[in-house]
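This briefing is for a reader who is new to the structure. Please look over the sequence and the model before reading on.

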Amino acid sequence: MEHPVTTEQTPAGDTEGAASPAPTPAEGTSGGATEAATAAAGDDGTERSGGGTEPGAGTTGAAGGDRDDAGAPDAGEPVSGGGADGADASALTRPAGGPEDAGTASGAGPAEVESGGPAAAAGSAESASAPSEAEAELAAQRLERERIARRRAERQGPVESGGKLSGKAADLLAAVRAVESGEKPSAPRFAEAAPAPRRPAPEPVRRPEPVPVPAAPDAETVGAVRAVLAEGGAPEALAPQVAAALGEGAEDTLRADPWQLLRVAGVRPEQADGFARALLGAEGRPDDERRGRALTVWLLEQAAVAGHTALDLPALTEALGKRAVPDPDEAVQSALAEGDALVFQDALEEPGAEPAAARTDEEEEIPVRVLAGLERYALAEESLADALARLVNSVPKEAEEPWEAAVAALTGGAADLARQVAGHGLVLHTGGEAARAEPAALLGAARAAGLRVCAVCHTPDGARRFAAHLGEQPGGAVGTVAGLLSGASGPGRDAEGALDLDLLIVLDAPQLDVEAAAMLAESLPDGARLVLSGDPAVLWSAGPGRVFADLLAVPACPQVASRVPDPGPLGELVSGIGVGELAQVEAPGKEIVIVPVRDAGEAVHRTVQLVADSVPRAFGVPPEETVVITPGHGGAAGTRALNTVLKERLNPGPGRFGGFDPGDRIVHSPAPGRAVPGRVVRADAEGLHLECAGAPVVVPRELVESRVRHGWALTAHQAVGGRWPAAVVVLPGDAADVLTRPWVYTAFGRADRHLSVVHGVEQALPRAVAESVAKPRTTRLRTLLRVQLPPAG
């Protein structure tokens, strides 16, 4: 059968037999990291990114071996097992992403890699005198969580937008109210919950500059924690992570409640169970209240890894039951009573119906859903809704003269966008790569009119491409979201800590998670305009939330859809995928090539030939400008296997520093959810010296394994926000069940000039494009916005 994508061609020289790659050590061990998220419906089904760690591997296979983590390497997947009695402490291997485990695999000293050039010299001096951008960004996130904690202390009751509750929901809500009033419930008899009025959007608490970087745990605390870990049979290398996660008195906390080990990324319940039994003996039972409470928090954390900001209560209790918790309801109540989780009731709105908060009939029963969530994400979502409401309500009714001048200077779609921005505090703009020209024109006209402007993108490559529309280099008015939040780039701040801006344009808006979006919105002063621009068909954010999709679903602000299509055969192909059609396209310049393969071994062989020989020969694109994209990290055709053979072909070397050599292509994950492509320059006593987006970066030796991964082959979540002259998308046969339309759209859309598809999934590809849309994430933003904002006129 003819494949629906043309041109079907095997590049010259690709007729030899397939060569299977060497096996990799940590592919596809059992266990899943998102039990509660599975019950509540996961993300897009293919890749998950919860930040810089891989808490557990998925099913075996190219796509299932490891879900996409948006950039962080796995330091060895933890062994998973059964329920509370199925494991002992000896099964606790190195949790993925643990920085203290880094570098131990190679057994080499840091000076064994010879210099690859001077590009990283400046980074060494800077790292010694000032916090890095990643440290500053993480510190800003910590301050945001502290601000959220202060918000919670001021609250009079749980967030509500629904009506009356009864039964279990009322019991849980009453338990929360009792705790917040200073009483801990001692019996399961609760009064029926009464709805609480919603507060108006408050003025944000501004974060001052500069951002302080918290100190690492002191050596004494780490040593004390190491002793407790050794006593319980857990790896002592976890001590720095445990100390950082549990804070002051970490050793006492861990001894009193061994299940607090689950606070460390990558540790699984069966491993914590074994650790608890080693410390507590016969007292470490499955029905221990501490275990149920810790598992409740762990499941909510895993749900956040899968993109949810909260979980439906039935999904949470069901997941607890599967984890051998004898009384899931009591476990949830215990977590609520200790303040480890929050509970919410949200009205279930019918499309077009009057918002629940506006109804006056007190006798009318309003259907609600009861959700549980971690305060970090649930209240960040509320903070975002408050900040957006403030921006929408603070814009003058009449456009000021500079905005009128900016509108007058533009034509076409850019003028349409400018008119909406002139009169509204929040505007959504949708479109593909070519549509970036419209917000670029808006920024240029607003700047010429004397307005203070800034545009930020998800990646440095995105900032470079956006700045090219303005005829300039990144920097000044164009940067990245991470750079703006960390203070490393962008405008200054006023006396109250607000960004000194009249207009902020955020490109790649689908990649905004709820925390980053809240920090951006709350940093804007009253009267400023916020434009969120992006392609709604790409994969959602690595972190929890689906901010852009939720905003598009609520008619609370103007939405401007670009009419500028992406050009050429690649633009036509990707546009069709976006609407569920994998159509035939004419590709006279061989812009699209299909390479059929029979198995994963042949897929790896063909991929290497394409990158090293065929694409450079036929299209003049060197290997360093070609990206390989595959559905997962594990399996015979995952990123690990592909990067192994691509390194052997393109930059062979002994890998004396954690498996890396000068010239290696890498992806650096400086903070959870971020992946920055780069290359290795050299290594010395300071660590691994990289060049990422033209800037020198030094990764300390102990962090190399958790933050740096070879980068010839990426997952789509790692590649989102970037573009390359050529892309080779690898679809081995065992990836058929995990392909989705957003994944295919994102992967195919990374190519500027040429796309090769190493195709081994047969009809699963058109079926995924036509039928497999992104699975919903459980979020609260739409409900919160419907309460605070009237429909846009």
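What percentage of the 793 residues of the chain count as buried? The figure is 58%. The model is a predicted one. Its chain has 27 helices and 19 strands.

**Whole chain**

- The accessible surface of the chain is about 29500 Å², and carbon and sulfur atoms hold 51% of that area.
- Among contacts in the chain with a separation of 6 or more, 76% are between residues 24 or more positions apart.

**Nonpolar cores**

- The largest nonpolar core has 86 residues, and the members that touch the most others in it are L229, L504 and L532.
- Helix α9 gives the most to this core, namely eight residues.
- Apart from its neighbours within four places in sequence, L229 is in contact with A234, P235, E236, L238, A239, V242, L254, L261 and F275.

**Helix α6**

- Helix α6 covers residues 239–246, and its buried residues are A239, Q241, V242, A243 and L246.
- Two of these buried residues, A239 and V242, are also among the contacts of L229.
- The cover over the buried residues of α6 includes α5 (219–231) and α7 (250–256).

**R293 in helix α9**

- R293 is part of helix α9, which spans residues 289–305.
- Why does R293 count as buried? Its relative accessibility is 13%, and the cut-off for buried is under 20%.
- The side chains of R293 and S334 are joined by a polar contact of 3.0 Å.
- With residues up to four places away in sequence not counted, R293 touches D257, A331, S334, A335, E338 and D340.

**A five-stranded sheet**

- Five strands form an open sheet in the order β15-β14-β13-β12-β16, and their pairing is antiparallel.
- The edges are β15 (695–699) and β16 (708–710); each has a single partner strand, so one side of each has no neighbour in the sheet.
- From one strand to the next, the twist averages 40°.
- Three bridges link β16 to strand β12 (residues 665–668) in the antiparallel sense.
- Which residue of β16 stands opposite V667? That residue is R709.
- In general, the strands of a sheet pair through backbone hydrogen bonds, in either a parallel or an antiparallel way.

Key
Residues are numbered from 1 along each chain as its sequence is written. This is a predicted model: local features need pLDDT of at least 70, side-chain atom pairs count only at pLDDT 80 or more; totals for chains, interfaces and linings use all residues. Side-chain values use heavy atoms; hydrogens and water are left out. Buried means under 20% relative accessible area, exposed over 50%, partly exposed in between (1.4 Å probe, protein chains only). Helices (H or I, at least four residues) and strands (E, at least two) are DSSP runs, numbered from the N terminus. Contact means heavy atoms within 4.5 Å. A polar contact is a pair of N or O atoms within 3.5 Å; within protein, one must be able to donate a hydrogen and the other to accept it, and residues adjacent in sequence count only if both atoms are side-chain atoms. Accessible areas come from the Shrake-Rupley method with a 1.4 Å probe; for residues, only the protein chains shown count as cover. A nonpolar core is a set of buried Ala, Val, Leu, Ile, Met, Phe, Trp, Tyr and Cys residues joined through side-chain atoms within 4.5 Å. Two strands pair if DSSP finds at least two bridges between them. Axes are lines fitted to C-alpha atoms, for helices over the stretch in contact, and angles run from 0 to 180 degrees between N-to-C directions.
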